Amino acid sequence: MTKNERLNYLSIALVVFGLVFLSVYPLMLIWPSGWTWHTGHSDYPLMIVGIYATLGAFLILASRDPLQHLSLIWFTVWSSFVHAAIMAVQFFEMPENHGHLLGDVPALTIAAVVLALLTPRGQTDMPLGGKT
């Protein structure tokens, strides 16, 4: 894959994962065991929805020129890995979190891996004619 093709795939991935992050609230309603973090009333889930919706919107905006938004992309990669790791540990500690191993844990891990593989690293990884 050429560097320019990789950048095009990165743009597509940013839109796809941006849409997934924007869809966290509907996913919580459709599949609560895989996407909701609390049972009963809690203000926490809507705060997370707000954060992920904002991140999703900015990932979509970043898809227009990913090279100008590398810090946002790497934040998404590392925060997704951290969130997935925490949820994976909680899977073993609390039975009510077992659905997360099939829901948000793999979704966050896939997003992190795909974005990490497609995102340029340093000058030698930039496409021809790319901005730094």
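Q: Start with phenylalanine 81: how accessible is it?
A: Phenylalanine 81 has a relative accessible area of 29%, so it is partly exposed. The cut-offs are under 20% for buried, over 50% for exposed and partly exposed in between, with a 1.4 Å probe and protein chains only.

Q: What kind of model is this, and how is it numbered?
A: It is a predicted model, where local features need pLDDT of at least 70, side-chain atom pairs count only at pLDDT 80 or more, and totals for chains, interfaces and linings use all residues. Residues are numbered from 1 along each chain as its sequence is written, and side-chain values use heavy atoms, with hydrogens and water left out.

Q: Back to phenylalanine 81. Which residue does it pair with?
A: First, the structure holds two aromatic pairs. A pair means Phe, Tyr or Trp rings (the six-membered one for Trp) with centres within 6.5 Å; planes under 30 degrees apart are stacked, over 60 edge-to-face and the rest tilted. Phenylalanine 81 pairs with tryptophan 78, at 5.8 Å centre to centre and 50° between the planes, which is tilted.

Q: Where do tryptophan 78 and phenylalanine 81 lie?
A: Both are in helix α5, three residues apart, about one turn of the helix. Helices here are DSSP runs of H or I with at least four residues, strands are E runs of at least two, and both are numbered from the N terminus.

Q: Is tryptophan 78 buried or exposed?
A: Exposed, because its relative accessibility is 54%.

Q: And tyrosine 52, buried or exposed?
A: Tyrosine 52 counts as buried because its relative accessibility is 10%. It is located in helix α4.

Q: What does tyrosine 52 touch?
A: Leaving out residues up to four places away in sequence, tyrosine 52 touches Phe21, Leu22, Val24, His83 and Leu108. Contact means heavy atoms within 4.5 Å.

Q: Which polar contact does its side chain make?
A: The tyrosine 52 side chain makes one with the side chain of histidine 83, at 2.6 Å. A polar contact is a pair of N or O atoms within 3.5 Å; within protein, one must be able to donate a hydrogen and the other to accept it, and residues adjacent in sequence count only if both atoms are side-chain atoms.

Q: What about phenylalanine 21, buried or exposed?
A: Buried, because its relative accessibility is 4%. Its contacts, not counting residues up to four places away in sequence, include Tyr52, Leu59, Thr76 and Leu108.

Q: New topic: what is the overall fold made of?
A: Six helices and zero strands. Buried residues make up 39% of the 132 residues.

Q: How many residues are in the largest nonpolar core?
A: The largest nonpolar core has 27 residues, and those with the most contacts inside it include Leu10, Phe21, Tyr52 and Leu115. The largest share, seven residues, comes from α6. A nonpolar core is a set of buried Ala, Val, Leu, Ile, Met, Phe, Trp, Tyr and Cys residues joined through side-chain atoms within 4.5 Å.

Q: Which elements do the buried residues of α1 pack against?
A: They pack against α2 (24-30), α4 (44-62), α5 (70-93) and α6 (104-118). Among the buried residues of α1 are Leu7, Leu14, Phe17 and Phe21.
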